[in-house]
Amino acid sequence: MASVDASVARQSNDGKKERVVILGSGWAGYGFARTLDPKKYERIMISPRSYFVFTPLLAGTAVGTLEFRATLESVRRLGLDYFHQGWADDVDFARKTIRVEANTSDELGSTTTTKALKQGQPPNPSSGTNEVEPGRGAMFEVPYDKLVIAVGSYSQTFGIEGVKEHASFLRDVGDARKIRMKVLQNFERAALPTTADAERKKLLHFAIVGGGPTGIEFAAELHDLVREDLSKTYPGLMKDVAITVYDVAPKVLPMFDQTLATYAMETFKREGIAVKTEHHLQRIRPDEDCQGCLKLKIQEYGDEEVGAGIVVWSTGLMQNPLISRLGSKEFTMGESGASDNVVILQQDKRTGSLITDANLRVQVVPAGSKPTEKKETPESTTLPDVFTIGDCAVIPESGLPATAQVASQQATYLAKQLNKGLQDNSNKPFKFRNWGTMTYLGSWTAIHQSSADELKGWAAWVLWRTAYLTKSMSIRNKIMVPVYWAISWIFGRDISRF
């Protein structure tokens with residue numbers, strides 16, 4: 001692949017509008033670009049994918065309740081001044097430029113397993129050019145006047161052996177498509193007359209690791225698929241189907257109070273979904289006795305391994321490699337170039353996220369400074385024209401979770417502040433408004449918890465569907481989503497593989 005000269009990406013804006021570069025097309029990046037006034041700013045987005053995905057509905061797409069395009073929004077429909085499909089490899093804060101690696105891959109799945117190992121690695125400095133290294137896309141630079149970092153996060157694997165290679169993640173539409181194909185493929189294999197009983201039980205054991213909302217909702221959606229659709233197509237296989245949720249915590253759904261979490265576990269028990277709390281997965285490996293199957297080594301089971309046809313991994317988040325790279329680099333802030341102006345980005349000790357002030361402006365500390373016993377963090381200052389929102393941002397002492405709800409509200413807040421031209425300490429600080437937490441439990445039941453109320457059962461399910469429908473970004477998807485829900489309810493889910 002030929003290299004790209006850095007000047008190609010330096011589009012001229014004739015000095016008319018400030019150039020705002022947005023890294024990421026997730027809840028934070030897409031929402032910010034959607035709200036930022038194009039009459040006041042030149043909007044440039046850099047993202048490895050050319051779409052926004054409505055992540056709460058991914059579990060439904062993975063089992064055929066919804067079609068994939070009903071959860072997607074093309075970023076090019078935002079009418080951006082420029083969009084570059086690629087990864088931000090590095091940022092030069094002194095020169096106000098971003099180094100980008102183009103992404104021309106057809107891979108649509110989660111980047112947890114491959115790109116995470118490579119992202120953030122600079123090109124070979126000994127070459128002295130923009131020459132493309134083997135396995136990398138073309139490199140180019142993009143300048144900015146203001147930078148909004150919204151690169152999100154990756155799936156946390158905790159370094160457990162075999163997770164990156166063999167587990168299925170549920171972070172992107174490509175992940176959902178792979179899971180859908182794998183589930184249906186396992187049923188077809190299990191239905192073959194040549195399949196032994198022991199092998200059939202392994203193929204039809206669906207393991208979900210992680211008892212948070214994503215893992216619980218996928219287990220519920222998968223149960224609906226099996227009970228409502230696959231039971232009619234494969235009635236003889238139902239006795240071998242098993243769905244198990246594993247979690248290291250004493251209870252699932254820790255963000256809910258004990259009453260609602262207990263209700264969720266009791267609902268799963270009635271539906272035949274096993275919930276194994278306080279279970280520690282140590283390894284995932286291929287099963288040599290069953291093609292396409294996996295073996296799970298769980299600490300509580302000793303040397304005995306558990307067979308499964310698929311392992312869906314949903315255990316939490318880890319920091320994007322770009323944030324780790326930016327947090328470790330020193331740079332000079334200001335024009336003097338004096339050594340006492342050398343700073344580094346301030347990072348949260350626990351998560352590694354970038355620390356911001358209440359206006360979501362990135363904070364820096366002197367290079368070499370370390371926390372002391374008297375104060376947890378050294379005195380910080382604001383890095384001009386650089387903002388961070390979403391999963392990779394932390395406002396000290398705010399206690400905000402890394403959720404789509406927080407990212408969406410931060411995006412809207414920051415865009416409106418810039419639209420008003422407010423950029424100093426007189427800005428109204430960001431304030432999160434918690435609309436509550438919802439989780440689908442299957443069979444038209446759900447739970448909802450907020451500061452105002454607690455709902456469970458069918459009423460919570462109605463609220464769950466209504467909320468997700470109203471939060472869909474475009475009119476097109478607000479129409480498509482209920483249409484697909486109706487089609488699935490009337491005609492059943494599509495169980496064809498293609």
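Reader: What makes Glu228 and Arg493 a salt bridge in this model?
Author: In this predicted model, the closest N and O atoms of Glu228 and Arg493 are 2.9 Å apart. The cut-off is a side-chain nitrogen of Lys or Arg within 4 Å of a carboxyl oxygen of Asp or Glu, so the pair counts as a salt bridge.

Reader: Why is this pair said to tie together parts apart in sequence?
Author: Glu228 lies in helix H7 (residues 213–233) and Arg493 in the segment after H12, so the two parts it links are 265 residues apart in sequence.

Reader: Why is Glu228 called partly exposed?
Author: Its relative accessibility is 24%. Buried means under 20% and exposed over 50%, so Glu228 falls in between.

Reader: Is Arg493 buried or exposed, and how do you know?
Author: Arg493 has 11% relative accessibility. That value is under 20%, so Arg493 counts as buried.

Reader: Which residue meets Arg493 in a salt bridge at 2.6 Å?
Author: That residue is Asp229. Asp229 lies in helix H7, so this pair ties together parts that are 264 residues apart in sequence.

Reader: What makes Glu288 and Lys295 a salt bridge?
Author: Their closest N and O atoms are 4.0 Å apart, and the pair is listed as a salt bridge.

Reader: Which residues do salt bridges that share partners join into one network?
Author: They are Arg227, Glu228, Asp229, Glu271 and Arg493.

Technical notes. Residues are numbered from 1 along each chain as its sequence is written. This is a predicted model: local features need pLDDT of at least 70, side-chain atom pairs count only at pLDDT 80 or more; totals for chains, interfaces and linings use all residues. Side-chain values use heavy atoms; hydrogens and water are left out. Helices (H or I, at least four residues) and strands (E, at least two) are DSSP runs, numbered from the N terminus. Buried means under 20% relative accessible area, exposed over 50%, partly exposed in between (1.4 Å probe, protein chains only).
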